[in-house]
Amino acid sequence: GIVRYFHVECDSDGPAIVPASPYPMVTFFASGGSLAPSAGGRLALFREPMLCGPVTAAMPVLWQQGTSFISALIEPASFATLFGMGPGTLRDTPVTLADAGPCVPTAALEEAVAGTRDVGRWVEALQSWLFQVLARRTGLAAPFVLPAALLQLPTQEIARRHGIGERQLERRFQAS
């Protein structure tokens, strides 16, 4: 009930389209990277572990030569449990996992993904990491988390991404 499905890409490059999807995702790169629109519409090269909320319209990206990665598309109801924020927070916005806030260390997972071409091991490693994240977060009240990458957005846009009004956003921010 946590992961909808895993997506694996091996040795790809060039322009690609990330299709619209209601599922937020977490991605780990084995090689290469993805040039994608980030907060504020600027293009950013992602090579580090990243999160992205639901994608409401097809998102053009440019994969660097030899890009290989694994993504877990997360059930929207489970995203807050795993990452401490609603999936709408990152709607149409990829951010590095480090910018999204504190999380379970990723070094072992990154090493496992970069150290083999066996995608079955990638799935096992990502699944294990997600269970660690879940174990760490279960039972905790989800705090209001605003990724650093979104701080430049207007309050109205931040509230919209959370699916709440500006006043409610202010109250939640002050309470946390």
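# Briefing on the predicted model

Gly 66 is placed in strand β6; strands (E, at least two residues) and helices (H or I, at least four) are DSSP runs, numbered from the N terminus. This is a predicted model, in which local features need pLDDT of at least 70, side-chain atom pairs count only at pLDDT 80 or more, and totals for chains, interfaces and linings use all residues. Residues are numbered from 1 along each chain as its sequence is written, and side-chain values use heavy atoms, with hydrogens and water left out.

**Confidence**

- The protein has a mean pLDDT (the predictor's confidence in each residue, from 0 to 100) of 88, and 94% of its residues reach 70 or more.
- Confidence is highest in β2, at 97, and lowest in helix α6 (residues 166–175), at a mean of 75.

**Gly 66 and its surroundings**

- Gly 66 and Ser 12 are 54 residues apart along the chain, yet 5.3 Å separates their C-alpha atoms.
- Apart from neighbours within four places in sequence, Gly 66 is in contact (heavy atoms within 4.5 Å) with Asp 11, Ser 12, Asp 13, Ser 31 and Gly 32.

**Backbone angles**

- Most residues other than glycine have a negative phi.
- Asp 11, one of the contacts of Gly 66, has a positive phi near 50° and lies in strand β1.
- Asp 92 likewise is not a glycine and has a positive phi, of about 60°; its place is in the loop between α1 and β7 (94–96).

**Largest pocket**

- The largest pocket has a volume of about 370 Å³. On a 1 Å grid over the protein atoms alone, a pocket is an open set of points where a 1.4 Å probe fits, with protein on both sides within 12 Å along at least five of seven lines. Grid points are joined across faces, edges and corners, and the volume is the space filled by probe spheres set on the points.
- Its lining (residues with an atom within 4 Å of a point) comprises 21 residues, with His 7, Val 18, Met 25, Phe 69 and Ser 71 nearest the centre.
- At least two lining residues come from each of β1 (3–18), β2 (25–31), β3 (34–37), β5 (50–52) and β6 (59–74), and β6 supplies the largest share, 6 residues.
- By class, the lining has 15 nonpolar, 5 polar and 1 charged residues. Ala, Val, Leu, Ile, Met, Phe, Trp, Tyr, Cys and Pro count as nonpolar, Asp, Glu, Lys and Arg as charged, and the others, Gly among them, as polar.

**Helix packing on α4**

- Helix α1 (residues 76–83) packs with helix α4 (residues 119–137) at an angle of about 70°, their axes 8 Å apart; α1 is therefore roughly perpendicular to α4. Axes are lines fitted to C-alpha atoms, for helices over the stretch in contact, and angles run from 0 to 180 degrees between N-to-C directions; 65 to 115 degrees counts as roughly perpendicular and over 145 as roughly antiparallel.
- Ala 80, Thr 81, Leu 82 and Phe 83 of α1 meet Trp 129, Leu 130, Val 133, Leu 134 and Arg 137 of α4, a contact with 7 nonpolar, 1 polar and 1 charged residues.
- Helix α3 (residues 107–114) packs with α4 at about 170°, with axes 9 Å apart, so α3 is roughly antiparallel to α4.
- This contact joins Leu 109, Ala 112 and Val 113 of α3 to Trp 122, Ala 125, Leu 126 and Trp 129 of α4; by class, the contact has 7 nonpolar, no polar and no charged residues.

Technical notes
Angles under 35 degrees count as roughly parallel, over 145 as roughly antiparallel, 65 to 115 as roughly perpendicular and the rest as oblique.
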